[in-house]
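Work through the two exercises below with the sequence and the model side by side, and try each task before turning to its solution.

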Amino acid sequence: MVKVSLKSGFFLFWPFLFFSGTLFALPQKAPDFDLQSPQGKLSLNQLRGQVVLIFFGFTACPDVCPISLSTISRVFHQMEEEEQQKSKALFITLDPERDKVEMMQEYTGFFHSNILSLIHISEPTRPLYISYAVFCWKK
């Protein structure tokens, strides 16, 4: 007979009480894209076989973006070298009019070299955002 008190049950489920994000019942295939990086064009298909985190933001973001990029950086720093080689974070700008590729590379360079900065320059960005359920507008 196993006896579990409410107090010990709380600690068993404690990490799950603070989950922040979206939980998908069935994984969905991420839509491909062609974006401009400091090294040239990059498509999601080029990263096939790697773990890829996609983050949408902008360099003039005062608080959420730097905090999120710091969190991503901290995760990369906790990974083994072999794990780092198999993973990337993509920082895709929500403000392509202001954010330029070189400026974004400098910005993401403050956090971690596995965070790649990407900008959509050849076509309208709205279809890319919609395909990833990202909704944004300028004030």
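**Exercise 1.** Determine whether Phe91 and Tyr107 are buried or exposed, and then describe how their rings are arranged.

*Solution.* Phe91 is buried, and Tyr107 is buried as well, where buried means under 20% relative accessible area, exposed over 50% and partly exposed in between, with a 1.4 Å probe and protein chains only. Tyr107 counts as buried because its relative accessibility is 14%. The model is a predicted one, in which local features need pLDDT of at least 70, side-chain atom pairs count only at pLDDT 80 or more, and totals for chains, interfaces and linings use all residues. Residues are numbered from 1 along each chain as its sequence is written, and side-chain values use heavy atoms, with hydrogens and water left out.

Next, a search of the whole structure gives three aromatic pairs; rings of Phe, Tyr and Trp (its six-membered ring) pair if their centres lie within 6.5 Å, and planes under 30 degrees apart count as stacked, over 60 as edge-to-face and the rest as tilted. The pair of Phe91 and Tyr107 is tilted, at 5.9 Å centre to centre and 35 degrees between the planes.
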